[in-house]
Amino acid sequence: MTTDEPRRNSRSVLIESGEWAGWRRPDRDTFDTRSGPFYHRREPDGSIRCAFRVERRHLNGIDVAHGGCLITFADHAIFMFALDHLREGPSVTVSLNSEFIGAAYEGDLVEATGEVLKAGGSILFVRGVLKVGERPVLNFSGVIKKLKPQAAIPAPRDPGQGVD
């Protein structure tokens, strides 16, 4: 494997060269991947840091990062912050609250830091902040629900079945 090829595990790929060397990104073609791409890495203190670079496609009509993009990134980040609590199976966002504090512009590196405030048996409370450098852009908190493996999201219906 050459150094410009990512190394894969079951959930993410390790980027080995370029701007994102040492960071991971999801290893699936999902909304998060297409929206970002969003990256994460474990810091020396054990916390998780997430980041993405604002591109032209992330902007709204007034040339700042679209609020929906920032909220999507915050939703991604709460799961990364809670990663050590979510190894047993699937989980979903129950709620996500946010306050816009500032703007992010094309070319900005937006970073998310945060923490799990409380992890119960099936519910986790998480909070974080998005920043560009030291400038806060978005404050957020969320609740994650761990699903029982047998209660995971049902398989898609056969499109030929019609509407219920």
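These questions and answers look at ring pairs and strand pairing in a predicted model.

Q: How many aromatic pairs does a search of the whole structure find?
A: The search covers the whole structure. Among the rings involved, Trp20, Trp23 and Tyr39 are linked into a cluster by ring pairs. The number of aromatic pairs found is 6.

Q: Is the pair of phenylalanine 38 and phenylalanine 73 stacked, tilted or edge-to-face?
A: The ring centres are 4.9 Å apart. Planes under 30 degrees apart would count as stacked, and over 60 as edge-to-face. Here the planes stand at 45°, so the pair is tilted.

Q: How many residues apart in sequence are the parts that phenylalanine 38 and phenylalanine 73 tie together?
A: Phenylalanine 38 sits in the loop between helix H1 (31-35) and strand E4 (39-42). Phenylalanine 73 belongs to helix H2 (residues 67-81). Both phenylalanines are buried. The parts they tie together are 35 residues apart.

Q: What kind of pair do phenylalanine 52 and phenylalanine 73 form?
A: Phenylalanine 52 lies in strand E5 (residues 48-53), 21 residues from phenylalanine 73 in helix H2. Both residues are buried. Their ring centres are 4.8 Å apart. The planes meet at 65°, so the pair is edge-to-face.

Q: Which residue in E8 is the bridge partner of glutamate 111?
A: Glutamate 111 is in E7, where it stands opposite alanine 51. E5 and strand E7 (residues 109-119) pair antiparallel over 5 bridges. E7 also runs antiparallel to strand E8 (residues 123-132), with 9 bridges. In E8, the partner of glutamate 111 is lysine 131.

Q: Through how many residues does a hairpin join E7 to E8?
A: E7 and E8 are antiparallel. The hairpin joins them through 3 residues.

Key
Residues numbered from 1 in each chain as written. Predicted model: local features only at pLDDT ≥ 70, side-chain atom pairs only at ≥ 80, totals over all residues. Heavy atoms only, no water. Phe/Tyr/Trp six-rings, centres within 6.5 Å; stacked < 30°, edge-to-face > 60°. Helix = DSSP H or I, 4+ residues; strand = E, 2+ residues; numbered from the N terminus. Buried < 20%, exposed > 50% of the residue type's maximum accessible area, 1.4 Å probe, protein only. Pairing = 2+ DSSP bridges.
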